[in-house]
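Biologist: Can you bring the model up? I'd like to go through it piece by piece.
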Amino acid sequence: MARDPRYNPLFEPIAIGPKTLRNRFFQVPQCTGAGSGKPGANAMHREVKAEGGWAALCTESCMIHPETDQPVADVSTLYDEADIINHRHMTDSVHKWGALAGVELCHAGGLSNALSSRAVSATAHQFVTPWIPAAHSYEAEDGDFLRLIDLYREAAKRAVQAGFDIVYVHGTHGALPVQMLSPYHNRRTDRWGGSFENRARFWVEVLHAIRSVVDGQCAVANRFSIDQLSGPEGVETGEDGLRFVEYITRLGLVDLWDVNISSLHEWGEDAAPSRFQKSNHQAPWTRDVKSIAKVPVVGVGRFTDPDEMLRVVRSGQYDIVGCARPSIADPWLPRKIDEGRTDDITECIGCNQCIARFEYGVPIGCNQCIARFEYGVPIVCTQNPTALEEYRRGWHPERFAARAQDELVLVVGGGPAGLEAARVLGKRGYRTHLIEATTQLGGHLRNVAGLPGLSEWMRVVSARETQLRQMTNVETMLGTGMAEAEDLLSYGADRIVLATGASWVGDGSGSMGHAAIPGVDAALSAFATPEQVFAGKELGKRVAVLDSDGYFMAVSLAERLADAGHDVTLITASDRVAPYTDFTLEAANLRRMLREKEIASVTGHWVEGAHVANDIQLRLFDVYRAGSRRTTTPKAGQAPRQPGTEASLLSCDSVVLCTGRRSNNDLYRALRSRAGEWEGAGLKDVYRTGDCLAPRYIADVVFDGHRIGREIDSADPHHALPFRREQPVWGAMTGA
């Protein structure tokens, strides 16, 4: 199909300095978790996007010297010849598709942890980084600033050698240039501080240094937090923000402005989860930049809708549409618009299962997709299971190996894993039947998307429904009721994929213990699993929500119940509510919500028993109540520490159990028990996927469904094929 002509403005070329973008789609600096140590993964991740029509692909934060290393955040480096070689692979990979390559040069100043180099960074004043206890910077002298400027200059030379087209100065998320501009971090009284011009001096000199090296060869981009959301204790749009844009514009030092908002401590205000911020939420702070800048402006806003992208460009908000998370969710987004396939766009859901890394509960790192990067591993994506699998598994988001043989594959269960398995099998040409017991696709995700702020998560279902409807070799059957082993054996399928999901347990067992909590039973009216709450089980006025899951379910149900007028107390053994949301950048606002809605929380405690009478008495204990001293003589049958016995009582009318989940695998076990009948039924094998194999996050069950679809004709589809590893080996490097 041809492109809809109304989208033509999105495909007009635009010059940035000596370079030209082929269209208005720009992947801004984005972390992958691969860093410089996995050049194959980094390069192919960007290359697939270049093939998909993105005009420019940028690295993540690229540290310019070991004194500002961030080893726990696995970002890029541009220190030496080895880095030049690795980055050259990325630039060559995107250039062959006609795209530009950008590098974001970064010095973190007082935010550097330098845990690898053991260096100490210079900055405006000595202060301790908020992210690592006792990691201090030192107050720079005049000569230190000159040395730092030279570090940028030398890194820019290496960027040219590596083949980059765009050289960024990283001035967001608290990096050194914005530290120097901020009146909060920079209170010096010499030529590097005090007046606006003095606070801007370091940044100006860095831009001069970079331009002296790259002028005429590369575009110079400035990435700027125009508002740090800290009021007068940081850069503000209406004060130094727009003033700085005007100042640098007057000096003519920049070919491209990349603007955003970010808080030093909460960069989730930039890479905001959809629970709290919708698309283009940064516009009120950033939209006036274009009226001042005399060069193109790019900005982000989790743009996924082509019509909104068009409005952004036509309205004059930005010249170029910047994306990070949307480019991960659909690497071919521009190409699909160009080819008239807008219905095929897979939209980011803003779950942030894909972004940074935390230290001591505070986020570090750079741009998007988030939670796995927070753990120090490559990113994943709920919508795009091929993200960062392009190199190591050879997976392409839009290309699939043809089926190995003509077979009928029956997929049982229309939740996220089943939908993805059916989609991939259909793409490969298999005759595929998807059966769902209920009258709607989506599985448990339909309930999840009804929780406060999570409606966009239904895109996981709608995107796959759309693609399945387009495949003539895939048949979807709804309302079939719960399948039995006999039904499946007589179906006539060559292979069966079971995506029957998982259920919350009703006895209180979970990560705090495999045994049931005495007195807890969801068969009683006093207790309810999340499924029972969604189904409408009646709850009393005072509700206790038990959480040993640690992610969104308990805190979201607590909010929903509070909105419905219940008095809610959330109980968790963790030292903070919903600890996994620290990694998805939701935690701070979720905890503010708890206070605003007067939802009580009891942390660091768990339940050792429940007594049901006129009301429910929960017996709570401090998880650290055992003695700190361990016995020096082990004795069989005796705990090594003196057990604590202290407990307190909490009265409530109902208890919601967000404690643990178990796979719904009875059907699998029934089929396995009748394996002797498979050959006669023409059945070759039965596989479990998604939560049916093991309860996991949505991104992981989608990945699992994708994998079984890709590998169903491998020698052993029950287990993943080996993947390529990029690792240092004594005397050599592998993975090249």
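Biologist: Which residue in β17 is the bridge partner of Leu-408?
Modeller: Arg-431 is the partner of Leu-408. This is a predicted model, by the way.

Biologist: How many bridges join strands β16 and β17, and in which sense do they pair?
Modeller: Five bridges, in the parallel sense. β16 covers residues 408–412, and β17 covers residues 431–436.

Biologist: What is the order of strands in that sheet?
Modeller: The order is β18-β17-β16-β19-β30. That makes five strands in an open sheet, with parallel pairing.

Biologist: Which are the edge strands?
Modeller: β18, at 474–478, and β30, at 685–688. Each of these two pairs on one side only.

Biologist: By what angle are neighbouring strands turned against each other?
Modeller: In this sheet the average is 15°, ignoring direction.

Biologist: What holds strands of a sheet together in general?
Modeller: Strands pair through backbone hydrogen bonds, either parallel or antiparallel.

Biologist: Which strands does helix α19 lie across?
Modeller: β16, β19 and β30. Helix α19 spans residues 666–673 and runs at about 160° to β30.

Biologist: New topic. Which strands form the antiparallel open sheet, and in what order?
Modeller: Three strands, in the order β25-β26-β27. The edges are β25 (605–612) and β27 (648–652). Neighbours in this sheet are turned by 30° on average, direction ignored.

Biologist: How many residues lie between β25 and β26 in their hairpin?
Modeller: Three residues. Seven bridges join β25 to β26, which covers residues 616–622. In one of the pairings, Trp-606 has Phe-621 in β26 as its bridge partner.

Biologist: And how many bridges pair β26 with β27?
Modeller: Five, again in the antiparallel sense. Gln-617 has Ser-651 in β27 as its bridge partner.

Biologist: Now the helices. At what angle do α3 and α5 pack?
Modeller: About 30°, with their axes 8 Å apart. Helix α3 is residues 142–161, and helix α5 is residues 196–214.

Biologist: Is the crossing left-handed or right-handed?
Modeller: Right-handed, as α3 passes α5.

Biologist: Which residues meet there?
Modeller: From α3, they include Phe-145, Leu-148, Ile-149 and Tyr-152. From α5, they include Phe-202, Glu-205, Val-206 and Ala-209.

Biologist: How do the residues of that contact divide into nonpolar, polar and charged?
Modeller: The contact of α3 with α5 has 12 nonpolar residues, one polar and three charged.

Biologist: What about rings? How many aromatic pairs are in the whole structure?
Modeller: A search finds 18. One of them joins Phe-145 and Trp-192. The pair is tilted, with 35° between the planes and 4.7 Å centre to centre.

Biologist: Why does the pair of Phe-145 and Trp-192 tie together parts that are apart in sequence?
Modeller: Phe-145 lies in helix α3, while Trp-192 lies in the loop between α4 (176–181) and α5, so the pair links parts 47 residues apart in sequence.

Biologist: Last thing, confidence. What is the mean pLDDT of the protein chain?
Modeller: The mean is 91. A pLDDT of 70 or more is reached by 94% of the residues.

Biologist: Where does pLDDT stay under 50?
Modeller: Over residues 355–375. The model has 122 contacts for that stretch beyond four places in sequence.

Technical notes: Residues numbered from 1 in each chain as written. Predicted model: local features only at pLDDT ≥ 70, side-chain atom pairs only at ≥ 80, totals over all residues. Heavy atoms only, no water. pLDDT = per-residue confidence, 0-100. Contact = heavy atoms within 4.5 Å. Axes fitted to C-alpha atoms, helices over the stretch in contact; angles between N-to-C directions. Helix = DSSP H or I, 4+ residues; strand = E, 2+ residues; numbered from the N terminus. Left-handed = near helix turned anticlockwise from the far one by under 90°. Nonpolar A, V, L, I, M, F, W, Y, C, P; charged D, E, K, R; others polar. Pairing = 2+ DSSP bridges. Phe/Tyr/Trp six-rings, centres within 6.5 Å; stacked < 30°, edge-to-face > 60°.
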